[in-house]
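Dear colleague,

I am handing over the structure below, and I would be glad if you kept it open while you read the notes on backbone geometry and on a charged residue that follow it.

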Amino acid sequence: MELFAVPDLPEIREGDDLAAMIDERVDLREDDVVVVASTVVSKAEGRVFDLDDFPTSERAEAVADRLAEISGEEKDPRFAQAVIEESTELIMEAPFLLTATRFGHIGVNAGIDRSNVPDGDLLLLPERPSKSAARIREGLAADRVVVSDTCGRPFRHGQRGVAIGWAGLPAARDWRGERDRDGREMGVTVQNVIDELAAAANLVAGEGDGGTPVVVVRDWAFGDHEGSDSHFREVDGDFVRQALREWTFEE
C-alpha cells in the first residue's frame with residue numbers, strides 16, 4: 001500500500017470544484033482511495049462563519065459561564081451557540097462540550113474549527129459528509145472517497161484521523177463467520193476500514209500550517225469480505241453515551 005499527498009492545492013474558497021482541483025494535480029487510478037480533509041470540504045461548501053452569525057440564547061450564555069468558571073478563562077457564548085445549533089445533543093456540558101452532530105458523529109464542540117479559517121471566525125463540519133464524498137467522487141477518476149477529520153478518543157491522549165463521510169466503499173469489513181489461523185470461527189470482528197484509512201492518511205497529511213488536505217491511498221484492496229456501512233453507533237447500543245448522559249462533572 002502506498003500513500004501520497006496531492007501537491008500544490010491552493011487555499012480553498014466557497015464554490016471551488018475540489019474534484020477538478022484534485023484530478024488536475026494527480027494521475028488517479030480507478031481503485032485509488034482519495035481521503036479529503038473535512039476542512040477543505042467545508043470551505044468549498046461555504047461553511048465558514050463569523051461569531052456574530054450566532055446570536056446567543058440563555059442556554060448558550062449559561063454554558064459559556066459554566067465553562068469559564070471551570071477553566072478560569074473567558075468563554076464566548078457565541079461559540080457555545082454555534083455548537084448548540086450544530087448539535088442534536090449536548091452529551092456533556094462540562095468540563096467541555098461533547099456533542100452529537102446531525103449526521104451521527106460524536107466529538108468535542110461539534111467539530112467546529114477555529115484555526116486555518118482566513119475568511120471568518122469558525123469553520124463548521126460539512127452538513128452531510130457522505131453526500132459530500134459522493135459529490136467529489138463523481139468528478140474523480142478514482143472510485144472511492146473518504147472525508148476525514150481529526151478527533152480525540154476516549155481512554156487515549158491526542159487526536160487521530162477519523163472518517164466522517166465516505167462513498168464508493170463499505171465502512172467496514174465484516175469478518176464474522178470467517179476462520180482465524182486456528183480454524184475457530186470469528187463472531188465479533190468488524191474492522192472499521194474507513195477510520196483506518198483516515199488515520200493512515202492523516203500521518204501523510206500532517207497538521208498545522210504545513211498540512212496537505214488530500215491524500216491518495218494506492219494499492220489497497222478491500223478483499224473478499226462482507227461489507228458493512230455501520231459506522232456511527234446507534235444510541236440504543238451505545239452504552240458509554242448512555243452513561244455519560246447520567247454523569248455530572250464535579251470540581
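Strands, as the word is used here, are DSSP runs of E with at least two residues, and they are numbered from the N terminus. With that in mind, and remembering that this is a predicted model, please look at the loop between β4 (87–92) and β5 (98–101), which is the place of Pro95. The peptide bond that joins Ala94 to Pro95 is cis, with an omega of about 5°.

Two residues other than glycine have a positive phi. For Ala110 the value is near 55°, and this residue lies in the loop that runs between β6 (106–108) and β7 (122–123). Ala110 has a relative accessible area of 3%, and because buried means under 20%, this alanine counts as buried. For Asp219 phi is near 65°, and its place is in the loop between β12 (214–218) and β13 (226–228).

What is the nearest side chain of opposite charge to Asp238, and how far away is it? It is Arg241, at 5.0 Å; a salt bridge requires a side-chain nitrogen of Lys or Arg within 4 Å of a carboxyl oxygen, and Asp238, although buried, has none. Leaving aside residues up to four places away in sequence, Asp238 touches Ile106 and Arg233.

Note on methods
Residues are numbered from 1 along each chain as its sequence is written. This is a predicted model: local features need pLDDT of at least 70, side-chain atom pairs count only at pLDDT 80 or more; totals for chains, interfaces and linings use all residues. Side-chain values use heavy atoms; hydrogens and water are left out. Helices (H or I, at least four residues) and strands (E, at least two) are DSSP runs, numbered from the N terminus. Buried means under 20% relative accessible area, exposed over 50%, partly exposed in between (1.4 Å probe, protein chains only). Lys and Arg count as positive and Asp and Glu as negative; His and the chain ends are not counted. Contact means heavy atoms within 4.5 Å.
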